[in-house]
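Reader: I'd like to learn how to read a helical model feature by feature. Could you take me through one?

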Amino acid sequence: MSRRSNWWLTCVLSLEWLALGLWVGGLIVLIGAVIPAVFNTFGGQNSGGLFLTRTFEGYNRLVMGAMAVLALALGYRWWSGEPATQVSRGEVVVLALMGFIAGLIIVVLHPRAAALQADAFALTDEQARKAAFEAFFRLHMPLRSLYVVNMVLGMVLIVMKAKRSLCMGGGPA
C-alpha cells in the first residue's frame, strides 16, 4: 500500500468511526439523558414534547450527514481494493438497513408525528385533544421502536468494524 493511499484510508476510516459514533452515541445520549431530563425539568407535556420534537429534528439532520459520510467511506474502501479495509457483505447489509430505517423515520414518520403532536397541542376541547394525543401516541410508539432498532444496528456495525480491525491487526479472530 502506498503512503498516499494509506493516508487516505486512515482519513476515511477515521471519518467513518466519527460518523458512526455521532449516529449511535447521539441516540444513546438522547434516549438515556435528554428525554428524562426534559420531562423532569420542563414539567409539562407541551413544552417538553415540543422541545424533544425539535431536538430529534436536529439529530435527524446529523444522521443524514453521518449516513452520507458512511456511504461515501464504504464506497471508497470498496473502490480502493485494499485487503486491510475490505468491505464485508454484512457491513453493507447493516448499513443499508440503518439507512432505510433512518430514511423512513426522517421522511415519513417523524414529520407525521410532529404534525399530529402540533394538532393535539392546538386543540382546546378536552375530548378532541385526548383523541388527537391517542393518534399521536399510536404513531409515536413504532417511531420510538425504530430509533432503538437503529441504535442496536449501529452497535452491531461498531462490533463488526472492531472485530475486523482486530483481525487485520493480528488480534483474536
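Predicted model: local features only at pLDDT ≥ 70, side-chain atom pairs only at ≥ 80, totals over all residues.

Reader: Let's start with the helices. What span should helix 3 have, and how far apart are its end C-alpha atoms?

Author: Helices here are DSSP runs (H or I, at least four residues), numbered from the N terminus. The expected span is 1.5 Å times one less than the number of residues. Helix 3 covers residues 89-122, so its 34 residues should span 50 Å, and the 48 Å between its end C-alpha atoms agrees with that.

Reader: Where does helix 3 bend?

Author: For a bend, take the angle between axes fitted to the seven residues ending at a position and the seven starting there. In helix 3 that gives about 40° at Ile105.

Reader: On to charges. How many salt bridges does a search of the whole structure find?

Author: The test is a side-chain nitrogen of Lys or Arg within 4 Å of a carboxyl oxygen of Asp or Glu. By that test there are six in the whole structure. One of them pairs Lys161 with Glu16, with the closest N and O atoms 2.5 Å apart. Lys161 sits in helix 4 and Glu16 in helix 1, so this pair ties together parts that are 145 residues apart in sequence.

Reader: Are Lys161 and Glu16 buried or exposed?

Author: The cut-offs are under 20% relative accessible area for buried, over 50% for exposed, and partly exposed in between (1.4 Å probe, protein chains only). Lys161 is buried because its value is 2%, and Glu16 is buried because its value is 3%.

Reader: Which other residue forms a salt bridge with Lys161?

Author: Glu91 does, at 2.7 Å between the closest N and O atoms. That pair also links distant parts of the chain, with Glu91 in helix 3 and Lys161 in helix 4, 70 residues apart. Salt bridges with shared partners join Glu16, Arg77, Glu91, Lys161 and Arg164 into one network.

Reader: What does Arg77 touch?

Author: Contact means heavy atoms within 4.5 Å. Leaving aside neighbours within four places in sequence, the contacts of Arg77 include Leu9, Val12, Leu13, Glu16, Glu91, Lys161 and Arg164. Arg77 is in helix 2, and its 1% relative accessibility makes it buried. Val12 is 65 residues from Arg77 in sequence, but their C-alpha atoms are 7.9 Å apart in space.

Reader: Now helix 4. What does Asn150 touch?

Author: Asn150 is in helix 4, residues 126-168. Beyond residues up to four places away in sequence, Asn150 touches Trp23, Met98, Ile101 and Ala102. Asn150 is buried, at 3%.

Reader: And the leucines of helix 4?

Author: Take Leu153, which lies there and is buried at 14%. For contrast, Glu126 of helix 4 is exposed, at 57%.

Reader: Last one: which residues make the nonpolar surface patch?

Author: Patch residues have over 30% relative accessible area and no salt bridge; nonpolar side chains (Val, Leu, Ile, Met, Phe, Trp, Tyr) are joined within 5 Å, like charges within 9 Å. Areas come from the Shrake-Rupley method with a 1.4 Å probe, and for residues only the protein chains shown count as cover. Leu15, Leu18, Leu22 and Leu62 make this patch of about 380 Å². Helix 1 (residues 3-41) gives the largest share, three residues, while Leu62 is in helix 2 (residues 45-80).

Note on methods
Residues numbered from 1 in each chain as written. Heavy atoms only, no water. Helix = DSSP H or I, 4+ residues; strand = E, 2+ residues; numbered from the N terminus.
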